[in-house]
Amino acid sequence: MRRSTAPFTVLALALALTGCGAKVSGEGTNDAAGRHPAKASGHYPVTIENCGTRTTYDKAPRRVVTNDVGITEIMFALGLENRMAGYVMPDDKGDLDGLPWKAAYDKVPRLSKKALTKEMALDARADLVFAGWNYGFGEDNGLTPAALKKLGIGSYVLTESCHNGADGGARGVMPPLEALYTDLTTLGKIFGVEDRAEALVKKYKKQVADAAAKAPAPARRPSVFLYDDGRDKPFTSGKYAGPHDIITKAGGDHVMKDLKDSWTTVGWETVVDRDPDVIVINNYGDTSAARKKAFLESYRPLAGVSAVKHHRIYVMDYAELVESPRNPAAVSDLARYLRGVRKGG
């Protein structure tokens, strides 16, 4: 996506450094002793750890800018739309009308359909940017937590995207659903909504457990490959991206479970060798799911792969497959489909 070239302004910088926005739970009036409720409750300061970095918050952020659909909906699920200054999201993220967060989408300004930039954060007077590595943050575009810190803007990194490995090139440090639960719990602490976060995590864990309880024994599980895009080489997910837990908890055997990365590229020869029973298409990007399916069915090296040979290609939405509050329901939906697939048949 293209980057904005709008220049910084002294006014925007000053506004970003001061920050303002929606009220935190308990803000607004003092108690009978004249104390601020948030301070009187003893909630702040709070110290959290995010992708290996410890940060102390003396108060909850009031003007959060989010990048992408899953990250935005984590905030909405926690009921934090009043503390958001806006979100950035391309147009290819599906229909938002039927979502439980439709009212929040209508309320929070959409800042851009292009790439998130420092200029957007400054113009929105953000005091926190919630994004991920390659989900908005990137060394190549100059939008990093370190760069934002110099502008007086805090950062929270999506746990699914935490850098790992000696060179920091790979992403992911824990199982995907654990990353979702971690972010909900941590953000609950930052914003003083721990009860809400705890209730969501409990609900999501039960939803996933109910689906997993119906999964076949490991030896009978159909193998599944996640196809995002790519012709010369397929872009797929490793053990630290959402699809791994979604596939596994739904009763499938994720064929790329040995890849210690989140989203990455492999070779077609690996896909052929592992012969998945099912291919899940990530409905995302400029190439439609129908075109991706047509390619898979016509690509000669895949002709003998079980999923292609038996026409077992299942489409899922992008927002279901990246870390988001949609992951638990995605487990249930995929589980229903996989229960009708016989391994090797």
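At what angle do the axes of helix α8 and helix α14 cross? In this predicted model, the axes of α8 (residues 194-212) and α14 (residues 327-338) cross at roughly 10° and come within 8 Å. An angle under 35 degrees counts as roughly parallel, so α8 is roughly parallel to α14. The points below cover this helix contact and then the aromatic pairs.

**Helices α8 and α14**
- The crossing of α8 and α14 is left-handed.
- Helix α8 contributes Tyr-204, Gln-207, Val-208 and Ala-211 to the contact, while α14 contributes Pro-328, Ala-329, Val-331, Ser-332 and Ala-335.
- Sorted by class, the contact of α8 with α14 holds seven nonpolar residues, two polar residues and no charged residues.

**Edge-to-face pair Tyr-87 and Tyr-105**
- The whole structure contains 12 aromatic pairs.
- The ring centres of Tyr-87 and Tyr-105 lie 5.4 Å apart with the planes at 80°, so this pair is edge-to-face.
- Tyr-87 belongs to strand β4 (residues 84-88) and Tyr-105 to helix α4 (residues 102-107), so the pair ties together parts 18 residues apart in sequence.
- Tyr-87 counts as buried at 4% relative accessibility, and Tyr-105 counts as buried at 6%.

**Stacked pair Tyr-284 and Tyr-318**
- Tyr-284 and Tyr-318 form a stacked pair, with 4.4 Å from centre to centre and 20° between the planes.
- Tyr-284 sits in the loop between β15 (278-283) and α11 (289-298), and Tyr-318 in helix α13 (residues 318-321); the two are 34 residues apart.
- Tyr-284 is partly exposed, with a relative accessible area of 28%, whereas Tyr-318 is buried, with 7%.

**Aromatic cluster**
- Tyr-227, Trp-268, Phe-295 and Tyr-299 form one aromatic cluster.

Conventions: Residues numbered from 1 in each chain as written. Predicted model: local features only at pLDDT ≥ 70, side-chain atom pairs only at ≥ 80, totals over all residues. Heavy atoms only, no water. Axes fitted to C-alpha atoms, helices over the stretch in contact; angles between N-to-C directions. Helix = DSSP H or I, 4+ residues; strand = E, 2+ residues; numbered from the N terminus. Parallel < 35°, antiparallel > 145°, perpendicular 65-115°, else oblique. Left-handed = near helix turned anticlockwise from the far one by under 90°. Contact = heavy atoms within 4.5 Å. Nonpolar A, V, L, I, M, F, W, Y, C, P; charged D, E, K, R; others polar. Phe/Tyr/Trp six-rings, centres within 6.5 Å; stacked < 30°, edge-to-face > 60°. Buried < 20%, exposed > 50% of the residue type's maximum accessible area, 1.4 Å probe, protein only.
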